[in-house]
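Let's take a walk through this structure together. Have a look at the sheets and helices first, and then read on.

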There are 2 protein chains.
Amino acid sequence: MSASIKAMIFDVFGTVVDWRTSVAGIVAPAFKDKSIDCDPLQFADYWRARYDPAMDRIRTGERGYIALDDIHLENLEQTLLHFGLNERFNDAEKATLNSAWEQLSPWPDVVDGLRQLKSKTIIAPCSNGSIALMTRLAKFGHLPWDCILGADIAQNYKPHPSVYQKCCEALRLQPQQVMMVACHNNDLKAARESGLATGFVVRPNEHGPKQSIDLHAESDWDIVAEDFADLGMKFNRL
Amino acid sequence: MSASIKAMIFDVFGTVVDWRTSVAGIVAPAFKDKSIDCDPLQFADYWRARYDPAMDRIRTGERGYIALDDIHLENLEQTLLHFGLNERFNDAEKATLNSAWEQLSPWPDVVDGLRQLKSKTIIAPCSNGSIALMTRLAKFGHLPWDCILGADIAQNYKPHPSVYQKCCEALRLQPQQVMMVACHNNDLKAARESGLATGFVVRPNEHGPKQSIDLHAESDWDIVAEDFADLGMKFNRL
């Protein structure tokens, strides 16, 4: 089967990068500078939790497409308000905080794993992040993508089927020639419904030590892997 | 000025890769296999000459956007007809010939030059080639792009202004923060009209030894360079 897979496309937030401790690590010194007493991990979790409801308004057509960079900034305002901190940051400082999403560290197995996979197939993010965000994140984390796909290409958000379909079309490949890789079962479920092959990589600490979801593969995905090195080995044996 | 430039976007056919001798080098053995007596360089020139008129129908709105891969295949049919060779190739063989455009060799100065520039700024193709074509070309030639921009992003063809504008928007940059690099004066003229910075790299052999156009910078482009190494040095001094 691996010979028939011509591209692997990847979820990024959670699967490729550790957004939670990265965002907290960037927010923490900004809080310290202003003597703000707020748990950076709780702040990161609250900010991220606003993500899906905001995209849902776009997926349902209630709101036109706007890039995730703008959604992150809107959600930052809500998060600052929730923690009673909105008056403590001016617009320039908020923009700086928002750029935390461009500075997320890859999990330790990612860069070597992607380099291995890149020698076999096309590799690209299929993230809800914009081309701009994914490009800056790749430069920050030295992610060796062949191209940047995802929400901007489809002008819609995963798991809307158009995102998976438009990414395959952009590569001029059939869905069955493309494998979606993610640590989220719902992302793979949607990709499979559009005809793509599927690879699950478990990320048990995406949401910290109390994570309760996506600890196991919830279906017979084509690959179920422990990390990107394991993904590469299992891809070669497909 | 180099500090204010956050991305460099590149013309590809001619500026980055030597399409003429590459296409001829791929067509030649296919002709030899069939004992066809046709000059591969003349064939490549004729095929490429159909390129601009075909795109023009899309730029003017006479025809909806289709990817360059499809235009290349249509133009291959015309080229084979012109040389009396259309009956000699079946559809699968034509598709194989058409994939010549995914196997174009970079000029010798390109890969090292791009690696240097990539350490300073975002680098991306802004070509009329599709995302699929540019991705495969990058894998073939080891072009270290940060992302793939160009015609597919705008659903239109250079030098239509929307292509330059949409590429800047995709990076969430202002036009003056982006430098267009090309060996074609008309490409730079259009980019400048949309507010981008401009870099000219001379490619005196793009069209072979009898080349008569684009042998010199025809305006005061922000950089005028001999090759990509020179481009990098002049970029650092801006």
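Helices here are DSSP runs of H or I of at least four residues, strands are runs of E of at least two, and both are numbered from the N terminus. An axis is a line fitted to C-alpha atoms, for helices over the stretch in contact, and angles run from 0 to 180 degrees between N-to-C directions. This is a predicted model, in which local features need pLDDT of at least 70 and side-chain atom pairs count only at pLDDT 80 or more, while totals for chains, interfaces and linings use all residues. Residues are numbered from 1 along each chain as its sequence is written, and chains are lettered from A and ligands numbered from 1 in the order in which they are written.

**Two helices crossing in chain B**

Start with α1 (residues 19-33) and α2 (residues 40-49) of chain B: their axes come within 8 Å and cross at roughly 120 degrees. Angles under 35 degrees count as roughly parallel, over 145 as roughly antiparallel, 65 to 115 as roughly perpendicular and the rest as oblique, so α1(B) and α2(B) are oblique to each other. Residues are in contact if their C-beta atoms, placed from the backbone, lie within 7 Å. Among those making this contact are B:Trp19 and B:Phe31 of α1(B), along with B:Pro40 and B:Trp47 of α2(B).

**Helix α2 in chain A**

Which residues of α2 (residues 40-49) of chain A are buried? They are A:Pro40, A:Phe43, A:Ala44, A:Trp47 and A:Arg48. (Buried takes 20 or more other C-beta atoms within 10 Å of a residue's own, exposed 12 or fewer, and partly exposed is in between; C-beta atoms are placed from the backbone.) They line one face of α2(A), because they fall within an arc of 125 degrees seen down its axis; the arc is that of the directions from the helix axis to the C-beta atoms. A:Gln42 and A:Ala49 are exposed on the other side of α2(A). The buried residues of α2(A) pack against α1 (19-33), α3 (51-59) and α4 (68-82) of chain A.

**The sheets**

Strands pair if DSSP finds at least two bridges between them. Chain B has an open sheet of six strands with parallel pairing, in the order β3-β2-β1-β4-β5-β6. One side of β3 (149-150) and of β6 (223-225) of chain B lacks a neighbour, because each edge strand has a single partner. Chain A also has an open, parallel sheet of six strands, ordered β3-β2-β1-β4-β5-β6.

| Strand pair | Sense | Bridges |
|---|---|---|
| β2(B) and β3(B) | parallel | two bridges |
| β1(A) and β2(A) | parallel | four bridges |

B:Cys126 stands opposite B:Leu149 in β3(B), and the bridge partner of A:Ile9 in β2(A) is A:Ala124.

Note on methods: Two residues are in contact if their C-beta atoms, placed from the backbone, lie within 7 Å.
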